[in-house]
Amino acid sequence: MTLTGSALAVLRALVERGPSTRPQLGQDLGLSRPTMSAAIAELIQAGLVEPIGAVQGGMGRRAVEYRVATHAGHVIAVDAGSTHIRLRLSTLDRRLLHSSLHPLPQSQYALTPQISAVVAAAVAEALARTEADWGPLQAMVIAVPTRVVGPEGDTAATDQEVIYSNFTPPPQVECTLVNNVNCAAVAEYHYGAAQGRQTFAFLQVGVKIGLGLMLNGQILRGVNGAAGEIGHISFPFAPGLTPQRGEAERYLGTEAFMARVRAGWPADAGPPPRDTYELLARAGTGDATALAHVEEHAAQIGAVIAICVSVIDPGLVVLGGGYGASPLLRPKVEEVVRRLAFPAEITTSTLAAEATVLGAERLAVERAVSALLGLPC
């Protein structure tokens, strides 16, 4: 499909900002009224834009509001996480049409056939609920808990193809795999705690830990798709100990952390917390033992962030993930980073558990619009 430059700009603006009137779009894009009228007419004729009613405009006049046509198509975004599978099915301007959440029977430390099976069930359910006036499925992005390389890379080494062990993508659309932490960083950049910041780091702390690096508005992926794999830091460093590959992730991940909590829980403090949710809940109520464990872990996370700040100097680090997004971590993390590294603002994700699937949705929409218009993805 070929559009004039003005029509393309209007379509992208509607995708980005949602329903808008011609005066609003014309002012933002610097387009004259005749040019705006021609662009809207072109997009309506192409079936990409539809009017949805009139709203009160400036000077007392009512103006017709337009949005991306629902029947222009939809996208599916999947967060294939370590504990849950999240799915969003949305229009090209990110109106939510269907969503679902599927807990995994047990935490998965790697991308496994079990994750693949639950993804298959979630996607099948979404496709069964698709309505005819939602138009065609235009793109699908799956956020996976592993590094990702292109077809020219060593896909066997990344295990990324495991996602297809029990799942076959719909035949009408290309399925794109993206690292889950990078997806979360994309969402924080567009909708969350990093809005307006061109360079920052996003640290996800949950069953695993990972780092997403946004440099000058672009995700840094690295030659091997491994940029930001901070959990692969060799650890520990101490006399008589040999650093092990990936040991930092095993030590700081929540499963090993909770094992230490249970082992060190005083007998006179009652039963230990069953998981990090209960630990954080107890710490939030002032339980001194729970709070001490959370602060100790936060100090260790702060030390890892200090390494990132010393190497990348991102200026901002966003804490996220199922455990890392807790506001209880931030004070101690800030204290440790301030002591060990260069100045960096530390903040907490505003998107929490939804960050990854929202980032995948954003990337799916970008791919869908590019594919629709015959532009490079």
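1. Helix α6 (residues 180-190) packs against helix α12 (residues 355-372) with the axes 7 Å apart and at an angle of about 80 degrees. Angles from 65 to 115 degrees count as roughly perpendicular, so α6 is roughly perpendicular to α12. The model is a predicted one.

2. On the α6 side, the residues that meet α12 are Asn-180, Cys-183, Ala-184, Val-186, Ala-187, Glu-188 and His-190. Their counterparts in α12 are Ala-355, Thr-356, Leu-358, Gly-359, Ala-360, Arg-362, Leu-363 and Glu-366. Sorted by class, the contact of α6 with α12 comprises eight nonpolar, four polar and three charged residues.

3. Strand β7 (residues 137-144) has eight of its eight residues buried, so the strand is largely enclosed by the rest of the structure. Buried here stands for a relative accessible area under 20%.

4. Strand β7 has strand β4 (residues 74-80) as a parallel partner, and six bridges connect the two. Within this pairing, Met-140 of β7 stands opposite Ile-76.

5. Strand β7 is also joined to strand β8 (residues 175-179), again in parallel, through five bridges. Here Val-144 stands opposite Asn-179 of β8.

6. The count of aromatic pairs is four. One of them, Tyr-189 with Phe-200, is stacked, at 6.5 Å centre to centre and with 15 degrees between the planes. Tyr-189 lies in helix α6 and Phe-200 in strand β9 (residues 200-205), so this pair links parts of the chain that are eleven residues apart. The stacked label follows because planes under 30 degrees apart count as stacked.

7. Phe-235 sits in the loop between β11 (218-219) and α7 (247-252), while Tyr-251 belongs to helix α7, 16 residues apart from Phe-235.

8. Phe-235 is partly exposed, with a relative accessible area of 29%. Tyr-251 is likewise partly exposed, with a value of 27%. Both labels follow because partly exposed covers the range between the buried limit of 20% and the exposed limit of 50%.

How values were computed: Residues are numbered from 1 along each chain as its sequence is written. This is a predicted model: local features need pLDDT of at least 70, side-chain atom pairs count only at pLDDT 80 or more; totals for chains, interfaces and linings use all residues. Side-chain values use heavy atoms; hydrogens and water are left out. Buried means under 20% relative accessible area, exposed over 50%, partly exposed in between (1.4 Å probe, protein chains only). Helices (H or I, at least four residues) and strands (E, at least two) are DSSP runs, numbered from the N terminus. Two strands pair if DSSP finds at least two bridges between them. Axes are lines fitted to C-alpha atoms, for helices over the stretch in contact, and angles run from 0 to 180 degrees between N-to-C directions. Angles under 35 degrees count as roughly parallel, over 145 as roughly antiparallel, 65 to 115 as roughly perpendicular and the rest as oblique. Contact means heavy atoms within 4.5 Å. Ala, Val, Leu, Ile, Met, Phe, Trp, Tyr, Cys and Pro count as nonpolar, Asp, Glu, Lys and Arg as charged, and the others, Gly among them, as polar. Rings of Phe, Tyr and Trp (its six-membered ring) pair if their centres lie within 6.5 Å; planes under 30 degrees apart count as stacked, over 60 as edge-to-face and the rest as tilted.
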